[in-house]
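Hi everyone, thanks for making time for this. Please bring up the sequence and the model on your screens, and we'll walk through them together.

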Amino acid sequence: MTTTPVEKTARSATSLAWARRRHSVARFWREYRGHRAGLYGLAGLALIAALALAAPLLVGPDVQSVANASGTALERPSGEFPLGTDQFGRSLLGLLVWGARISLTVGLLSAALSVAIGTLVGIIAGHYGGWFSTVLMRITDWFLVMPTLVLAIVLATVMSRSIWTVVIAIGVTSWPTTARLVRAQTIAVESRPYIERAKALGGGHGHIMNRHVLPNVMPLVLAQTTLGISSAILTEATLAFLGLGDPTVVSWGGMLQDAREAGAVSSGHWWYLAPPGIAIALVALAFTLCGRAIESVLNPKLGVAR
């Protein structure tokens, strides 16, 4: 079967596009490796993600069961229970590993939702301009000045208590910063000469936004997503600590809530409070280090230390 010249041209264009993508990824990784803090953060995230994925094999779902608890209430750390037990006699190490699944999932999904909303609003506002952009930005400013945690608490209170409620509550309240950054970048991109040429050749609004603006704002979106995940995990832990999370699942914030209800603060049961608190801090730090490194690679003018 012979190949027409048009098909050969299309295949060569596709091959060239994929070659450019591979070259860009290789260059990004080469520059990222030069940031020691970013590598530490990535290694920490890889370890925590591996533990979360392997939780069913390492500890099993029975670790959440109150009826099948293997120890007694509030045991100190020992050889059998390296991190001690909770108020029901469950292993805190097992709960910590299992809780990583929920905390990371909520952080990733809520950050993705937040960035998606912010990117959509920012590109539309920056592209169309005029009164429509003004209205969108005033709505964005209203969300920006309102305390994110307060809005999330309100949403989590009026909606049913579930993981998806927490994801929605965090996602729909934390997008304004992304929207303003993407709008500014969109305006900068659309001032370039090739955008004028695309418009002169008949490119419509959808073509301009999808084929020219979106690829140029994606590096900013990627960096903002990485930084947003750490904030989302902290917000999820706060909501769970306030009793607004899903009571049927184990998360790090839920473990802190259980410790508070058990009186761990006043009774000095430090091993009940320390593991989930340290885990939250370490994950937030790891995502922040990765986000800072990505920002420095994508925008060297930031001058982030290596």
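How many helices and how many strands does the chain have? The chain has 13 helices and zero strands. Helices here are DSSP runs of H or I with at least four residues, strands are runs of E with at least two, and both are numbered from the N terminus.

A word on where this comes from. This is a predicted model, so local features need pLDDT of at least 70 and side-chain atom pairs count only at pLDDT 80 or more, while totals for chains, interfaces and linings use all residues. Residues are numbered from 1 along each chain as its sequence is written, and side-chain values use heavy atoms, with hydrogens and water left out.

Now the overall picture. Along its principal axes, the C-alpha trace spans about 75 × 50 × 45 Å. Of the 306 residues in the chain, 40% are buried. Buried means under 20% relative accessible area, exposed means over 50%, and partly exposed is in between, with a 1.4 Å probe and protein chains only.

Let's go inside. The largest nonpolar core has 35 residues, and those touching the most other members are Leu104, Trp252, Met255, Val283 and Phe287. A nonpolar core is a set of buried Ala, Val, Leu, Ile, Met, Phe, Trp, Tyr and Cys residues joined through side-chain atoms within 4.5 Å. Two or more residues come from each of H2, H4 (92-128), H10 (205-241), H11 (252-261) and H13 (270-298). Which helix gives the most to this core? That is H13, with 11 residues.

Find helix H2, residues 36-53. Its 18 residues should span 26 Å at 1.5 Å a residue, and its end C-alpha atoms are 26 Å apart, which agrees. The expected span is 1.5 Å times one less than the number of residues. Gly38, Gly41, Leu45, Ile48 and Ala52 are the buried residues of H2. They cover an arc of only 100° around the axis, so they sit on the same side of H2. That arc is taken from the directions from the helix axis to the C-beta atoms. On the face turned away from the buried side, you'll find the exposed residues Arg36, Tyr40 and Leu47.

Next, helix H5, residues 130-145. Its buried residues are Ser133, Leu136, Met137, Thr140 and Phe143. Looking down the axis of H5, these fall within an arc of 115°, so they line one face of the helix. Trp131 and Val145 are exposed on the face turned away from the buried side.

Tyr128, Trp131, Phe132, Val135 and Ile139 make a nonpolar surface patch of about 530 Å². H5 gives the most to this patch, with four residues. Patches are made of residues with over 30% relative accessible area and no salt bridge; like charges are joined within 9 Å, and nonpolar side chains (Val, Leu, Ile, Met, Phe, Trp, Tyr) within 5 Å. A salt bridge is a side-chain nitrogen of Lys or Arg within 4 Å of a carboxyl oxygen of Asp or Glu. Accessible areas come from the Shrake-Rupley method with a 1.4 Å probe, and for residues only the protein chains shown count as cover. Is phenylalanine 132 buried or partly exposed? At 35% relative accessibility, phenylalanine 132 counts as partly exposed.

One last stop: leucine 74, in the loop between helix H3 (55-58) and helix H4. Leucine 74 has a positive phi of about 55°, although it is not a glycine. Its relative accessible area is 23%, so leucine 74 is partly exposed.
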